[in-house]
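User: Take a close look at one part of this model for me. I would like the salt bridges, step by step.

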Amino acid sequence: LGVVVLAGGTGGAKLAAGMQGIAGEDLTVIGNTADDVELLGVHVSPDPDLITYWLAGLIDEERGWGLRGDTFTVFEELVRFGAPAWFALSDRDLATCLYRAHFLAEGGRPTDAQAQIARALGVTARVLPMSDEPVRTNVVTAAGRRPLQEFLIVDGGAGPVEGVEVQGIEAARPTAEVTDALAGAEAIVIGPSNPVISIGPILAVPGMREAISASRAPVVAVSPFIGGRSVKGPSEVFMAAIGAPTSAAGIGQVYAGLLDGIVHDPGDPGPAPDGIEVLVCETLMDTPESRTEVAGRTLEFARELAGAG
Ligand code: GDP
């Protein structure tokens, strides 16, 4: 029986790294592909790749993205020629994205490209794109529509945000790999990622919520908010855009109808989420030990809920 983690790039990926130490090959991570972007002639899939780098132990933890100790030789040369410089890719990261572009151009599926990349980097857990169809998030601001990566990097993720549009979502479907993993799961964990732009698109794939609900596994979310604040990144402006507070109650609101339990930190501003079981524990995952601890407590909590249900 497997453990399934839904994840964006940072919070969810860190939890997945902790979970890998417990579940090993029985771990499946479903990653958001709505922030994929095509540039510099390659196909960048930031969330599935960050997850893969975290699981492979290759992530540049300090920077929060890319591969530790990598160089930027090719990127710097491209910029010298006049290529856009706003999205930096280090050499090995660029190779990942070039390989993916090649694989897709040959008619391959994103799911298979990611599996190849993960296997080559020594990852035995599964990293699954949420769907094989192209899906893209646009951020609606007073200045108009912005593709997500441009909003995050060029505009610095500065709000206010009026809303989010997920282009192509109606035509997307969970892959067979995703539905199989959910159906066979012992526990389904929604990682502490941005609820609106990282987890939102995964849950918006038609059939995804149904596949999660149909599974017999307990569904537990780990809140990305500590003391009512985002640890890193602009989750707050996106919660504001949908009128939800940055607290466990807000998480309960965003994932309404899906959750059996929520894990949140002792400094959550409250009130308690409505009608959902709660586990209060430290959720900051800034060391390997804390990642293992949060993953272990979450899994134990899910097993208790399964026993009770
Ligand atoms: P992105 O795709 O890289 O922006 O990252 P995600 O959407 O996966 O994660 C962003 C969220 O992760 C933010 O809301 C953070 O508060 C949350 N986060 C990052 N690190 C931690 C952590 O150690 N613990 C918890 N609970 N949340 C975290």
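Analyst: Start with a cut-off: a residue counts as buried under 20% relative accessible area, as exposed over 50%, and as partly exposed in between. The model is predicted. E177 has a relative accessible area of 28%, so E177 is partly exposed.

E177 sits in helix α7 (residues 176–183). Its partner is R109, with the closest N and O atoms 2.6 Å apart. R109 lies in the loop between α4 and α5, so this pair ties together parts that are 68 residues apart in sequence. R109 is also partly exposed, because its relative accessible area is 29%.

R109 has a salt bridge to D132 as well, at 3.0 Å from N to O. D132 is in the loop between β5 and β6, so here the linked parts are 23 residues apart in sequence. Shared partners join R109, D112, D132 and E177 into one network.

Now another pair. R136 and E38 meet through their side chains in a salt bridge of 3.4 Å, N to O. R136 belongs to strand β6 (residues 136–141) and E38 to strand β3 (residues 37–39). They are 98 residues apart, and the pair links distant parts of the chain. E38 has a relative accessible area of 53%, so E38 is exposed.

The count of salt bridges comes to 13. As a general point, side chains of opposite charge can pair when their charged atoms come close.

Note on methods:
Residues are numbered from 1 along each chain as its sequence is written. This is a predicted model: local features need pLDDT of at least 70, side-chain atom pairs count only at pLDDT 80 or more; totals for chains, interfaces and linings use all residues. Side-chain values use heavy atoms; hydrogens and water are left out. A salt bridge is a side-chain nitrogen of Lys or Arg within 4 Å of a carboxyl oxygen of Asp or Glu. Helices (H or I, at least four residues) and strands (E, at least two) are DSSP runs, numbered from the N terminus. Buried means under 20% relative accessible area, exposed over 50%, partly exposed in between (1.4 Å probe, protein chains only).
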